[in-house]
Amino acid sequence: MTQAYPSPDLSVNLGGIQMANPVAVASGTFGYGQEYEKFVDIAAIGALIVKGTTLTARPGNPNPRIVETPAGMLNAIGLENPGVDVFLDEYLPYLHAKNVTVIANIAGNSIEEYAALAARLEGQEGIAGIELNISCPNVKQGGLQFGTDPDTVYQVVKTVKGETGLPVLPKLSPNVTDIVAIARAAEAAGADALSMINTLMGMAISVQERQPVLANVFGGLSGPAIKPVALRMVYQVYQEVGIPILGGGGIMCCEDALEFIMAGATAVSIGTGNFVHPRLALDIVQGISDYMQAHEIEHLQAIKGCAVR
Amino acid sequence: MLEKGKIIRHNQVGTDLYEIELAAGAIVREAQPGQFIHLRVGDAYDPLLRRPLSIYDVDAEKGTMEILYRVVGKGTKLLTQLTAGEELDLMGPLGAGFSIAEGINKVCLIGGGVGIAPLVFLARRLRSKNVELCFLQGTRTRAQIVAEQRLQAWSVDHYIATQDGSCGYHGMVTDLLTDENIMQGVQFIYTCGPEPMMKAVQAWACQHHIQGELSLEEYMACGIGACLGCARKLHSQDEFYVKICKDGPVFGLHEVELYEGRTGS
Ligand SMILES: Cc1cc2nc3c(=O)[nH]c(=O)nc-3n(C[C@H](O)[C@H](O)[C@H](O)COP(=O)(O)OP(=O)(O)OC[C@H]3O[C@@H](n4cnc5c(N)ncnc54)[C@H](O)[C@@H]3O)c2cc1C
Ligand SMILES: Cc1cc2nc3c(=O)[nH]c(=O)nc-3n(C[C@H](O)[C@H](O)[C@H](O)COP(=O)(O)O)c2cc1C
Ligand code: FES
């Protein structure tokens, strides 16, 4: 249906990351993009957040690593990746040549590792921003997740900001009692935007085998099952911080994405949904565009956070 | 490739075993034996993920393909309810299939249970190249034997073993490997089925210095190498994991450490 109304402006600025549209694909669910090229034009996606990168290669966890659960899945991939050098040499140039908006995702087991990773990415062509996975165990603090303590979050973000001029988005873990406290700490440390949420810790047991299904016992829950939790957290954080939010968790369709935007997200990320529908991100871009046209919305700014009471 | 495959035929062919014939011209054009499709059962959020199923047979002229599946859980149970005329959301063909070595005159295909699915398409391809083959099919009981007619139509030597003795040889299908009359002249062996069965095939092939290929399974999410979910170590002492969906599902018969129970890790 063609409307008299001009085609809407889908572009958004996510804390300094200029995105042509508000839909990103989430880290660990889209590989390095190449895997999905047969199915979708990866350059048309708002931003491609690549698989989590560590300083050196990591083999990942033993199998089984994934299992389906009602309206979701658990994963314990264990951050398998070839290390930052291979990412920069073998994957990034390809994405850069294709004009893909790339957000790197880094993970460390100490603040020094985060700092070294950020420094390594500094000045590399083709990276629009850095997402900080802070759902990793801090080996110096007995394996406690970085993302569960506001002071630690502050330190990590502050340190990384000191190493890079790129926009930095800490990715908040939902496995905390007070997500707002964490978000505030990240903002105070100079985060340019927030990414939320990472997976919720869960598990599944095989009754037949009388043991946990995942070799790692616990895994991160993702998919539609977590959407209400993610949405609530975005809604809460939006009211308390001034920096933009990349919201996601269980987004499976355009309405889901709009819910996140109405809760206060500037842009959204699609994770598990990519496995179900490889073209989902672009279908959602189209859906948002159609919605804006139908409701005569010129820019998403007009509905961002509109549901907040 | 993403394709909506229209169901042309869907029928039960054995105990808990069903065949679906689908119109999926684009996938069929590219499909190689050993590759799989990743299909969505319905459009609800439970089951959420796609299900990987081997390409069981293709008809290149009609642009149709078939799958053979066994009902084991939520997704496959739901699949049985679909009827002709309905569409299935397909991704494929995915994975690295079987290689077809030149200069080989006789091969053995040995499958257990629903594991014969990729071997049937392979048999079609090999027969079209005039490769002589013996097809060993093992099931628990007579009511699980499938593909008899098509194998016959391609003049394949088809041998059956049932664990309860209700049809063919009474015992494990791998016992047939010791039958000189069947195995005479076999130069290459392909296998798919339960891991203990494939382990026995591997041991036999190792003893007889015969090369071959096998097909592995693992839980999958993306099906294309992006999520790193379907990982497995080829050998327990390896440091790194392969991805069954992308590096496989087909691997060299002697390349993989197999297990008596479920995948060790
Ligand atoms: C490459 C490949 C080819 C296959 N080809 C065939 C085939 O031709 N015919 C056939 O009947 N089966 C085949 N399988 C197994 C088939 O994928 C599973 O039986 C099916 O996914 C079970 O789904 P469900 O919902 O009924 O079972 P559920 O147990 O309810 O499934 C729960 C989850 O576990 C996964 N799962 C369960 N069993 C398996 C398994 N054995 N392998 C991989 N994932 C599993 C499901 O995909 C799903 O994500 C193949 C598997 C792979 C990896
Ligand atoms: C298989 C898998 C791997 C993931 N790997 C990473 C990762 O490496 N780094 C990260 O920050 N998040 C990772 N995530 C989390 C996702 O990026 C996303 O935040 C989460 O899945 C919630 O979104 P969803 O419900 O849309 O999937 C992974 C998720 C899945 C399912
Ligand atoms: S299923 Fe995702 S990597 Fe194999």
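Into which domains is chain B divided? Chain B splits into domain 1 (2-94) and domain 2 (106-217), with bounds from an automatic or database domain assignment.

This is a predicted model: local features need pLDDT of at least 70, side-chain atom pairs count only at pLDDT 80 or more, and totals for chains, interfaces and linings use all residues. Residues are numbered from 1 along each chain as its sequence is written, while chains are lettered from A and ligands numbered from 1 in the order in which they are written.

**Domains of chain B**

The centres of domain 1 and domain 2 of chain B, taken over C-alpha atoms, are 23 Å apart. Domain 1 of chain B gives 14 residues to the contact and domain 2 of chain B gives 15 residues. Contact means C-beta atoms, placed from the backbone, within 7 Å. On the domain 1 side, β1 (2-14), β5 (57-59) and β6 (64-70) of chain B each supply at least two residues. Strands (E, at least two residues) and helices (H or I, at least four) are DSSP runs, numbered from the N terminus. By class, this side of domain 1 of chain B has eight nonpolar, four polar and two charged residues. Ala, Val, Leu, Ile, Met, Phe, Trp, Tyr, Cys and Pro count as nonpolar, Asp, Glu, Lys and Arg as charged, and the others, Gly among them, as polar.

**Helix pairs of chain A**

Axes are lines fitted to C-alpha atoms, for helices over the stretch in contact, with angles from 0 to 180 degrees between N-to-C directions.

| Helix pair | Axes come within | Crossing angle |
|---|---|---|
| α2(A) (residues 111-121) and α3(A) (residues 150-163) | 8 Å | roughly 25 degrees |
| α4(A) (residues 179-188) and α5(A) (residues 227-240) | 9 Å | roughly 45 degrees |

α4(A) is therefore oblique to α5(A). α2(A) and α3(A) are therefore roughly parallel to each other. Angles under 35 degrees count as roughly parallel, over 145 as roughly antiparallel, 65 to 115 as roughly perpendicular and the rest as oblique.

I111(A), Y114(A), A115(A), A118(A) and A119(A) of α2(A) meet Q155(A), V156(A), T159(A), V160(A) and E163(A) of α3(A). Seven of these contact residues are nonpolar, two polar and one charged.

**Ligand 2**

Residues from chains A and B surround ligand 2, so the site is shared between chains. Of the 27 residues around ligand 2, A26(A), G28(A), G52(A), S222(A) and G271(A) come nearest. A residue counts as near if its C-beta atom, placed from the backbone, lies within 6 Å. The shell has seven nonpolar, 18 polar and two charged residues.

Key
Contact = placed C-beta atoms within 7 Å.
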